[in-house]
Amino acid sequence: MGREIENLLDILNFYKALGFKELPSGFINSILKDRESCDMTHQEAIFESIDSLNDRIKKCFNCPLSKSRTNPVCGEGDNSVGLMFIGEAPGVEEDKIGRPFVGEAGKLLTNLIEKMGFKRENVYITNTVKCHPPGNREPTKEEISMCFDYLKKEIELIAPKVIMTLGKVATYALKNMEGKINDLSISKIRGKVFFYKNIPVIPTFHPAYLLRNRKDKWLTWEDAQEAMRRLK
Ligand code: SF4
């Protein structure tokens with residue numbers, strides 16, 4: 001039996017011993033309030049830096065993807081450029097070594113970053129969900145929403161000037177998960193800048209898509225140029 005339930009039973013037995021047949025009014029509310037403020041303090045303590053956020057992600061079992069992963073994959077890089085890339089979810093290679101964008105798609109992303117005139121280590125790269133979905137499938141809306149607090153806090157801590165979302169999953173997450181994910185077409189929304197908490201977000205193609213559709217690299221380059229303009 002969990003410690004908190006044991007404590008609650010002690011309190012209930014105490015009231016029973018005093019002859020109460022019902023709980024005093026406000027009892028449940030006061031417990032919920034204490035619990036809320038306790039959780040908030042806990043969250044703030046946990047998420048005060050990227051390192052502590054990453055420690056938390058590494059121990060996270062909040063959603064079913066914790067069962068299919070080998071390694072949770074945290075974001076990496078710094079914010080000297082002010083640019084953040086957000087992908088979908090770790091792939092097979094990323095899952096193996098626990099770093100984002102390390103496979104062929106990662107090489108393509110690194111090329112793009114260098115073509116923009118930056119070093120990979122000076123931009124921040126992360127994923128919408130931090131654990132590899134089985135069979136490389138798309139994360140579900142529930143999984144995205146269960147992992148979203150981490151991404152939200154990452155954006156807050158990194159405070160980028162510009163975000164580029166790579167593919168529809170990241171775009172969907174930052175667009176408040178409006179509607180169904182399958183209704184979103186990255187071809188239709190790429191290049192259309194929107195704002196997440198006053199930060200310009202530029203949706204573009206995922207590098208894995210570009211590996212299969214090389215002709216669309218030029219559209220991604222247009223989106224990258226828009227990001228560069230906004231960074232200036
Ligand atoms: S995907 Fe996110 S919420 Fe799910 S287990 Fe991994 S870190 Fe936790």
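Here is a walk through this structure, from its sheet to its helices and then to its ligand.

What you're looking at is a predicted model, where local features need pLDDT of at least 70, side-chain atom pairs count only at pLDDT 80 or more, and totals for chains, interfaces and linings use all residues. Residues are numbered from 1 along each chain as its sequence is written.

Let's start with the sheet. Strands of a sheet pair through backbone hydrogen bonds, either parallel or antiparallel. Here, six strands make an open sheet in the order E1-E3-E2-E4-E6-E5, and the pairing is mixed. Because strand E1 (76-77) and E5 sit at the edges with a single partner strand each, one side of each has no neighbour in the sheet. As for the terms, helices (H or I, at least four residues) and strands (E, at least two) are DSSP runs numbered from the N terminus, and two strands pair if DSSP finds at least two bridges between them.

Now take the pairs. Strand E2 (residues 83-87) runs parallel to strand E3 (residues 124-127) over four bridges, with Ile86 opposite Thr126 in E3. Strand E4 (residues 162-166) and strand E6 (residues 199-204) are also paired in the parallel sense, over four bridges, and there Thr165 faces Pro203 in E6. Strand E5 (residues 194-196) pairs with E6 in the antiparallel sense over three bridges, and Phe195 stands opposite Pro200 in E6. E5 and E6 form a hairpin with two residues between them, and Lys197 in the turn has a positive phi of about 45 degrees.

On to a helix pair. Helix H3 (residues 50-58) packs with H7 at an angle of about 165 degrees, their axes 10 Å apart; axes are lines fitted to C-alpha atoms, for helices over the stretch in contact, and angles run from 0 to 180 degrees between N-to-C directions. That angle is why H3 counts as roughly antiparallel to H7, a label for angles over 145 degrees. Ile50, Leu53 and Ile57 in H3 meet Tyr150, Lys153, Glu154 and Leu157 in H7, where contact takes C-beta atoms, placed from the backbone, within 7 Å.

H7 turns up again at the ligand. Of the 14 residues around the ligand, Cys60, Cys63, Ser66, Cys131 and Cys147 come nearest; a residue is near if its C-beta atom, placed from the backbone, lies within 6 Å. Helix H4 (65-68) and helix H7 (141-158) are the elements giving two or more residues to this shell, and the largest share, three residues, comes from H7.

How values were computed:
Parallel < 35°, antiparallel > 145°, perpendicular 65-115°, else oblique. Contact = placed C-beta atoms within 7 Å.
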